[in-house]
Amino acid sequence: IDTRNILFIVGGAFPGLEELVASRINPATVSIGFHSKPVPPKPSVNDLLRALMPEDLQKFGLIPEFIGRFPVITFLRQLDVEALVRILTE
């Protein structure tokens, strides 16, 4: 099948993907002493997924041929309490 004119839309839950992005953004460094750098605060899940790169999807287990068919990679933000209440009441 010639897939040049086929639009691929993928959605789902990818548990553990944020840990892959976090390890890329803030690599684990262990240091002890007065000159060690403080541990940066842990970013939120939304911030981590905002920094998602195709390489992260490949490390997660998707094959490069499949990732190359995605023209845009985006994510859905986590719902807060206000949004959940609005969904349930409207």
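Is Asp 47 buried, partly exposed or exposed? Asp 47 is partly exposed, with a relative accessible area of 37%. The terms here are buried for under 20% relative accessible area, exposed for over 50%, and partly exposed in between, with a 1.4 Å probe and protein chains only.

Two remarks on the source. This is a predicted model, in which local features need pLDDT of at least 70 and side-chain atom pairs count only at pLDDT 80 or more, while totals for chains, interfaces and linings use all residues. Residues are numbered from 1 along each chain as its sequence is written, and side-chain values use heavy atoms, with hydrogens and water left out.

Staying with Asp 47, its place is in helix H2. Helices are DSSP runs of H or I with at least four residues, strands are runs of E with at least two, and both are numbered from the N terminus. The side chain of Asp 47 makes a polar contact with the side chain of Arg 50 at 2.7 Å. A polar contact is a pair of N or O atoms within 3.5 Å; within protein, one must be able to donate a hydrogen and the other to accept it, and residues adjacent in sequence count only if both atoms are side-chain atoms. Arg 50 and Asp 47 also form a salt bridge, with the closest N and O atoms 2.7 Å apart. That term requires a side-chain nitrogen of Lys or Arg within 4 Å of a carboxyl oxygen of Asp or Glu. Both residues lie in helix H2 (residues 45-50), 3 residues apart, about one turn of the helix. Arg 50 counts as exposed at 52% relative accessibility. Asp 47 and Arg 77 are 30 residues apart in sequence, and their C-alpha atoms are 9.3 Å apart in space.

How many salt bridges does the structure hold? There are 3. In one of them, the side chains of Asp 56 and Arg 24 meet at 2.9 Å, N to O. Asp 56 lies in helix H3 and Arg 24 in helix H1 (residues 17-25), so the pair ties together parts that are 32 residues apart in sequence. Asp 56 is buried, with a relative accessible area of 1%, whereas Arg 24 counts as partly exposed at 35%. Glu 90 and Arg 86 form a salt bridge as well, at 3.3 Å between the closest N and O atoms, and both are exposed.

Now the core. The largest nonpolar core has 7 residues: Leu 17, Val 21, Leu 48, Leu 49, Leu 52, Leu 57 and Ile 67. The elements that give two or more residues to this core are H1 and H2. By definition, a nonpolar core is a set of buried Ala, Val, Leu, Ile, Met, Phe, Trp, Tyr and Cys residues joined through side-chain atoms within 4.5 Å.

Last, the rings. The structure holds 2 aromatic pairs. The rings of Phe 14 and Phe 60 have their centres 5.7 Å apart and their planes at 75 degrees, so the pair is edge-to-face. Rings of Phe, Tyr and Trp (its six-membered ring) pair if their centres lie within 6.5 Å; planes under 30 degrees apart count as stacked, over 60 as edge-to-face and the rest as tilted. Phe 60 is partly exposed, with a relative accessible area of 29%. Phe 66 and Phe 70 form an edge-to-face pair, 5.0 Å centre to centre with 75 degrees between the planes. Phe 70 is buried at 14%.
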